[in-house]
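Let's take a walk through a protein model together.

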Amino acid sequence: MSLNAARSILVVRLDRLGDMVLTSGFLRELRRNAPHAHITLLVQPPSRALVTACPHIDEVIAWPPDASDRWDPDDAKASVVRVWRVLRLAARSLWCRRFDLAIIPRWGVDYYHAVFAAYLSGATQRVGYSESVSSEKARVNRNFDILLTRSLRLDGSFHEVEKNLKLLREMGGTIDSQRLELWTELADEQTVRERLLRAGHVAGTPLVAFGIGASGSDRVWPPAYFGRLGGWLHRERSARVVLIGSEGERALAAEIRARLGDVAIDMVGQVSLRECAALLKRCCLYVGNDTGPMHMAAAAGLPVVEISRHLRECWPEQFDSPAYFSPWAVPSVVVAVEDGVAGLGDIASISVERVQAAVESLWHEAARRYTSGSE
């Protein structure tokens, strides 16, 4: 079946927020190749708010919250329960849409039963990356390929954005652009503008976004270091910093705010995902950990300083390293750990001075944003 002939398409994207952002270009190019199809996107509940403003899809369905965590393939009982929940979702929300095509863009290990969702959706054609693309996927997702009508193989030495788009090419599609997108609405822009005004922000003052959290504590640069970096930015560049993160990162924000006072504008846990996107569009630079907001910043066109626990020489062997998940298509610097074992190191060993040097190297790009009307 050609993409142009598809009438009803399901895209299954059940991983984290950053992965969803890296799929934004895929959704645009899918729509361009299937202009007449009804496109449904199945996502994790936290990502739903971000994609409801996407102009390239017709509807969004949220994955059941009780099936959202990564599953343990060695826990047979949990796997049976999860498949039952997927079946329940399919009966309630998927079968009635009569999909003729389901696509799973994820290249790596399927920890969320995305392939089962595609299979149980009833879609006639089901396309995704084969379990054989990596040894770890072959182990964890053994026999998943039988649930696909077409399983594709691709060398893993590409950025995640390229993997998404190559899947589309393998299906006969063409790619007009590889850029990412970030979707907001007017109400989001207005809310952010009002919040910044209440925080005393003055137009023309550089705003630097600090992404202070991450999915694991070993990915989090110490808040004391963020505090020192923020103070330096204020002294040397007359900048204010905007703290970005989830509700669970409020303690980190409080520690940074205690060091910076009014220099910091604390938005951690206080804005929606779309409002966070609107906020990033008003910043001139992102500095922070490898997390969803980092990819949102890149999609918004910000220069990015990524602080990474991965040893640079080990990037090719690590599936989640900056080799495959670095900021896409924007000026960026990855400040990585220099010493460690097994390819990872102590992120606290990355000095404030190294991050300052990275900021300095990108400041001319940042200045172009706030002097050209990013406000």
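Predicted model: local features only at pLDDT ≥ 70, side-chain atom pairs only at ≥ 80, totals over all residues.

**Starting at a helix end**

Helix α8 is followed by G200, whose phi is positive, near 85 degrees. Helices here are DSSP runs of H or I with at least four residues, strands are DSSP runs of E with at least two, and both are numbered from the N terminus. Residues are numbered from 1 along each chain as its sequence is written, and side-chain values use heavy atoms, with hydrogens and water left out.

Now for α8 itself. It runs over residues 186–198, which makes 13 residues, and spans 19 Å from its first C-alpha to its last, close to the 18 Å expected at 1.5 Å a residue (the expected span is 1.5 Å times one less than the number of residues). Which residues of α8 are buried? They are D188, E189, V192 and L196. Buried means under 20% relative accessible area, exposed means over 50%, and partly exposed is in between, using a 1.4 Å probe and protein chains only. On the face turned away from it you'll find the exposed residues L186, L197 and R198.

Next, jump to P303, in the loop between α12 (292–299) and β11 (304–308). P303 is buried, with a relative accessible area of 2%. Leaving aside neighbours within four places in sequence, its contacts (heavy atoms within 4.5 Å) include C284, Y286, P331 and E365. P303 and E365 are 62 residues apart in sequence, yet 6.7 Å apart in space, C-alpha to C-alpha.

Finally, zoom out. The protein has 14 helices and twelve strands. Its radius of gyration is 21 Å, close to the 21 Å that the globule rule gives for 375 residues, so it is as compact as a globular protein of that length. That radius is taken over C-alpha atoms, and the rule is 2.2 Å times the number of residues to the power 0.38. Buried residues make up 59% of the 375.
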